[in-house]
Amino acid sequence: MTSLQNYLILSSLLFSIGLAGALTRRNAILVLIGIELMLNAANLNFIAFWRYGPNPSHLTGIMFAIFSITVAAAEAAVGLGIILAAYRHSRTTDLDQMNSLKG
Amino acid sequence: MTAAFFILAALTVAGTAAAMGLRNAVHCVLALTVGFAGVAALYLQLGAQFVGLTQIMVYVGAVAILAVFAIMMTHKPGEDQPRIFSSHWVVGGVVAAAVFSVLAWAISSSGTANQFPPPEPSVTVLAIGDSLMHTYVLPLELMGLLLTAALIGAVVIAMDRREETK
């Protein structure tokens with residue numbers, strides 16, 4: 001049987017990969033994808049704790065994961081909209097060149 | 001079960017690491033779908049079938065396609081980036097490695113290594129729908145409102161304002 005620790009280590013590894021991508025990539029879209037990966041790691045934790053918790057017949061972990069996926073989908077839509085608006089303004093998605101808030 | 005877990009974990013980590021490390025952005029999104037599908041398979045293995053299928057539909061089906069569309073709309077032909085990582089990539093990598101080592105240390109000293117699951121509950125879609133319609137009906141309505149507001153907001157933000165003034 002897989003213990004809870006394996007799932008927790010896996011999800012912290014996923015979180016760190018997403019964090020590394022969000023902090024180091026130059027393409028703004030890939031930074032957003034890194035943030036999605038971090039949210040995915042949190043969802044994996046919700047489901048793992050639900051399954052290994054004292055009474056999984058209560059559906060709290062599943063409900064939290066479903067709502068979290070919904071919020072992540074809304075975040076992806078708004079984030080990509082912002083990236084498209086910024087691209088239209090500065091003609092680039094390179095974060096090293098997007099260095100001014102003022103147009 | 002353990003072998004299946006390690007295969008799925010290796011697939012997920014390889015997919016996500018490739019998604020954050022490849023040069024071509026479209027290849028990154030393709031690798032990302034592998035990582036998302038691996039997470040969905042882990043949900044299925046944990047007995048959360050509905051969440052696993054939702055993960056496939058939302059992430060593999062919608063978020064990845066949205067990202068591909070955004071990459072195609074912002075890609076300039078003939079432009080290849082000489083560097084894929086930003087100028088501060090050392091700091092970012094060190095921060096991510098530090099976060100992982102702190103988390104791994106906390107998890108390994110938390111005593112979860114010998115925690116094994118209780119017998120598998122029977123989670124039917126009927127039960128999920130039932131509790132969404134009774135216990136969680138207010139959060140469900142709020143989610144509907146949030147999704148509507150977010151999608152309208154995304155369209156408004158991404159809309160080309162110069163078209164209006166013409």
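Biologist: How much area is buried between chain A and chain B?

Modeller: Buried area is the accessible area (1.4 Å probe) that two parts lose on being put together, summed over both. Carbon and sulfur atoms give 75% of it here. The area buried between chain A and chain B is about 7,100 Å².

Biologist: What are the ground rules for this model?

Modeller: It is a predicted model: local features need pLDDT of at least 70, side-chain atom pairs count only at pLDDT 80 or more, and totals for chains, interfaces and linings use all residues. Residues are numbered from 1 along each chain as its sequence is written, chains are lettered from A and ligands numbered from 1 in the order in which they are written, and side-chain values use heavy atoms, with hydrogens and water left out.

Biologist: Which element gives the largest share of the side of chain A that touches chain B?

Modeller: Contact means heavy atoms within 4.5 Å. The contact takes 69 residues from chain A and 85 residues from chain B. Helices here are DSSP runs (H or I, at least four residues), numbered from the N terminus. The largest share on the chain A side, 22 residues, comes from H3(A).

Biologist: How do the residues of that side of chain A divide into nonpolar, polar and charged?

Modeller: Ala, Val, Leu, Ile, Met, Phe, Trp, Tyr, Cys and Pro count as nonpolar, Asp, Glu, Lys and Arg as charged, and the others, Gly among them, as polar. The side of chain A that touches chain B has 43 nonpolar, 18 polar and eight charged residues.

Biologist: How many salt bridges does the rule find across the interface of chain A and chain B?

Modeller: A salt bridge is a side-chain nitrogen of Lys or Arg within 4 Å of a carboxyl oxygen of Asp or Glu. Searching the whole structure finds one over all chains. Across the interface of chain A and chain B the number is zero.

Biologist: Which residue forms a salt bridge with Arg26(A)?

Modeller: The closest N and O atoms of the pair are 2.4 Å apart. One partner lies in the segment after H3 of chain A and Arg26(A) in the loop between H1 and H2, so the pair ties together parts 68 residues apart in sequence. The partner is Asp94(A).

Notes. Helices (H or I, at least four residues) and strands (E, at least two) are DSSP runs, numbered from the N terminus.
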